[in-house]
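This briefing goes through selected features of a single structure, grouped by topic. Please keep the sequence and the model in view while reading.

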Amino acid sequence: MAKYLLQEMNDVRNTGKRAVYPKMVINQTLGTEEFIDVLHDRLRTVDKGVLRGVISGIADSLVSLLSKGNNVTLDEIGTFSMSLKFLDDKPTEIQEEDDQMLYRRVGVKDLNFKISPKLIRDLQMNTRFERMMSGARELKKNLYTLEQRIENALAIIDEKGHITLGEYAKVNNLSRTTASKELAKITADPTMPIDYTGQASHKIWIRRKGE
């Protein structure tokens, strides 16, 4: 059974009201092999190696089709499409009436996914929810200023040579999402004393060279 809790929302308009919304409590994130195991339980006659190849083929085919300017709809899953971004630092506003905005560099920003109505209906029919806790979970308050959060991180970096995302979030009383966004801003600023090395789940944060 899926679990949820009530999460307090940010009061961005400073109304003084404490609105809440239901939020999923995630058990775990399943990887490809776990997904193949579940799929194989439903398709016993199909070898796991074949299923693995099909998933890889779907990914390759999506890249091939989307890169040619197509959208792709898989009837019982949803529609995939690309979103774009500018790769240059030129202004995004039209400067003059006859501005043709020539010589712009554009690249892939993200992959959009719009779920199929059938999949939504199936989820609604098959999902039962259990509330995890009474009341509403309050927003985490910032116990420290940005400067103090950086100092907290540097103390760990100086002790062990680096800090992980989880450690940064824990020591500064932040969610992992907030911590990740904040570290991205910090490392993008060359005047800040923290840099990173590694990629994806292997990324760690270190003292910037010269600091």
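D41 and R44 form a salt bridge in this predicted model, and their closest N and O atoms are 3.0 Å apart. D41 has a relative accessible area of 48%, and the cut-off for exposed is over 50%, so D41 counts as partly exposed. R44, at 56%, is exposed.

**Salt bridges between helices**

- E33 and R52 meet through their side chains in a salt bridge, with 2.9 Å from N to O.
- E33 is partly exposed, with a relative accessible area of 40%.
- R52 is also partly exposed, and its relative accessible area is 35%.
- R149 and E182 make another salt bridge through their side chains, at 2.8 Å from N to O.
- The link again joins distant parts of the chain: R149 sits in helix α4 (residues 146-160) and E182 in helix α6 (residues 176-188), 33 residues apart.
- Are R149 and E182 buried or exposed? R149 has a relative accessible area of 8% and E182 has 14%; the limit for buried is under 20%, so both residues count as buried.

**Packing of helices α1 and α2**

- Two packed helices are described by the angle between their axes and by the distance between those axes.
- The axes of α1 (residues 32-42) and α2 (residues 48-66) come within 10 Å.
- At what angle do the axes of α1 and α2 cross? They cross at roughly 120°.
- Angles of 65 to 115 degrees count as roughly perpendicular and those over 145 as roughly antiparallel, and the value here is roughly 120°, so α1 and α2 are oblique to each other.
- The crossing in which α1 passes α2 is right-handed.
- I55 is a residue of helix α2, and its relative accessibility of 27% makes it partly exposed.
- I55 and I36 are 19 residues apart in sequence, and their C-alpha atoms are 8.9 Å apart in space.

**Nonpolar surface patch**

- Which residues make the nonpolar surface patch? M82, L84, F86, V106, V108 and L111 make it, and it covers about 530 Å².
- Strands β4 (78-86) and β5 (106-115) are the elements that give two or more residues to this patch.
- L84, one of the patch residues, lies in strand β4.
- L84 has a relative accessible area of 55%, and residues over 50% count as exposed, so L84 is exposed.

**Backbone at N173**

- Most residues other than glycine have a negative phi.
- N173 is not a glycine, yet its phi is positive, at about 60°.
- Where is N173 found? N173 is in the loop between α5 (165-171) and α6.
- N173 counts as partly exposed, with 26% relative accessibility.

- L43 is in the loop between α1 and α2.
- With a relative accessible area of 36%, L43 is partly exposed.
- How far apart in space are L43 and A188? Their C-alpha atoms are 47 Å apart, and 145 residues separate the two in sequence.
- E159 has its place in helix α4.
- E159 has 72% relative accessibility, and the cut-off for exposed is over 50%, so E159 counts as exposed.
- E159 and H40 are 119 residues apart along the chain, and their C-alpha atoms are separated by 47 Å.

Key: Residues numbered from 1 in each chain as written. Predicted model: local features only at pLDDT ≥ 70, side-chain atom pairs only at ≥ 80, totals over all residues. Heavy atoms only, no water. Patch = residues over 30% accessible without salt bridge, like charges linked within 9 Å, V, L, I, M, F, W, Y side chains within 5 Å. Areas by Shrake-Rupley, 256 points an atom, 1.4 Å probe, with all protein chains shown as cover. Salt bridge = Lys/Arg side-chain N within 4 Å of Asp/Glu carboxyl O. Helix = DSSP H or I, 4+ residues; strand = E, 2+ residues; numbered from the N terminus. Buried < 20%, exposed > 50% of the residue type's maximum accessible area, 1.4 Å probe, protein only. Axes fitted to C-alpha atoms, helices over the stretch in contact; angles between N-to-C directions. Parallel < 35°, antiparallel > 145°, perpendicular 65-115°, else oblique. Left-handed = near helix turned anticlockwise from the far one by under 90°.
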